[in-house]
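Biologist: I've got a chain open here and I'd like to talk it through with you. Can we put it up and go piece by piece?

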Amino acid sequence: MSADLSDLYQQVILDHNKRPRNRGKLPTANRVAHGDNPSCGDQCSVYLRLDAGAPGQPERIAEISFDGSGCAISQASASLMTTQVKGKTAPEVEAMFQNFHHIVTTGETPEEISDLAAFAGVHSFPARIKCATLGWHATLNALHGEATPATTEKHTD
Ligand code: ZN
């Protein structure tokens, strides 16, 4: 990755920390899941409203928000995640998470410029991978309607 690109990606993370997107509870949510990353002390709750829009259509994430506290990586990643998964179906979100997981575990970035690649640097700090994936795990658990709290301890990377 060029230095310029790495600067650009750094900006993405700083920006999401400074101005988190979709932060707060969502009164209209029909799915909620909580994520906990004890190894770093990060917490993340995800609220989303699944809606098919019309009969016979697949359910999509019509609205999403997150709430939580923790390190900059966990909160910026959760904020960015909410902007990426809106309007997507559960299988689409799973595919996006696979891509994101590949980025943070290998440092390899996709061909096309993606804000998710801002987290490629995380692969140099394996302990932080759980921080970066916390919001995603919570969202996947919310999508699958699991009542149990999402914990990165269960989903070992
Ligand atoms: Zn963390």
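Biologist: Where is Thr89 found?

Modeller: Keep in mind that this is a predicted model. Helix H2 covers 72-85, and helix H3 takes in residues 90-106. Thr89 is found in the loop between H2 and H3.

Biologist: Is Thr89 buried or exposed, and what is its relative accessible area?

Modeller: The cut-off for buried is under 20% relative accessible area. Thr89 falls under that, so it counts as buried, with a value of 9%.

Biologist: Which residues is Thr89 in contact with, leaving aside its neighbours within four places in sequence?

Modeller: One of them, Arg60, belongs to strand S3, residues 60-69. Counting beyond four places in sequence, the contacts of Thr89 are Pro58, Glu59 and Arg60.

Biologist: Which residue in the turn of the S1 and S2 hairpin has a positive phi?

Modeller: The hairpin leaves four residues between S1 and S2. In that turn, a positive phi of about 90° belongs to Gly41.

Biologist: Why is S2 described as largely enclosed by the rest of the structure?

Modeller: S2 covers residues 42-51, which is 10 residues. It is largely enclosed because the buried ones among them number seven.

Biologist: How do the residues of the contact of H3 with H4 divide into nonpolar, polar and charged?

Modeller: From H3 the contact includes Phe97, Phe100 and Val104, and from H4 it includes Trp136, Leu140 and Leu143. Glu94 and His101 in H3 take part too, as does His137 in H4. The division is 11 nonpolar, five polar and one charged.

Biologist: Last one: what pattern does the chain follow along the sequence?

Modeller: The secondary structure comes to four helices and four strands, and 42% of the 157 residues are buried. Read along the sequence, the pattern is α-β-β-β-α-α-α-β.

Terms used: Residues are numbered from 1 along each chain as its sequence is written. This is a predicted model: local features need pLDDT of at least 70, side-chain atom pairs count only at pLDDT 80 or more; totals for chains, interfaces and linings use all residues. Side-chain values use heavy atoms; hydrogens and water are left out. Axes are lines fitted to C-alpha atoms, for helices over the stretch in contact, and angles run from 0 to 180 degrees between N-to-C directions. Helices (H or I, at least four residues) and strands (E, at least two) are DSSP runs, numbered from the N terminus. Contact means heavy atoms within 4.5 Å. Ala, Val, Leu, Ile, Met, Phe, Trp, Tyr, Cys and Pro count as nonpolar, Asp, Glu, Lys and Arg as charged, and the others, Gly among them, as polar. Buried means under 20% relative accessible area, exposed over 50%, partly exposed in between (1.4 Å probe, protein chains only). Two strands pair if DSSP finds at least two bridges between them.
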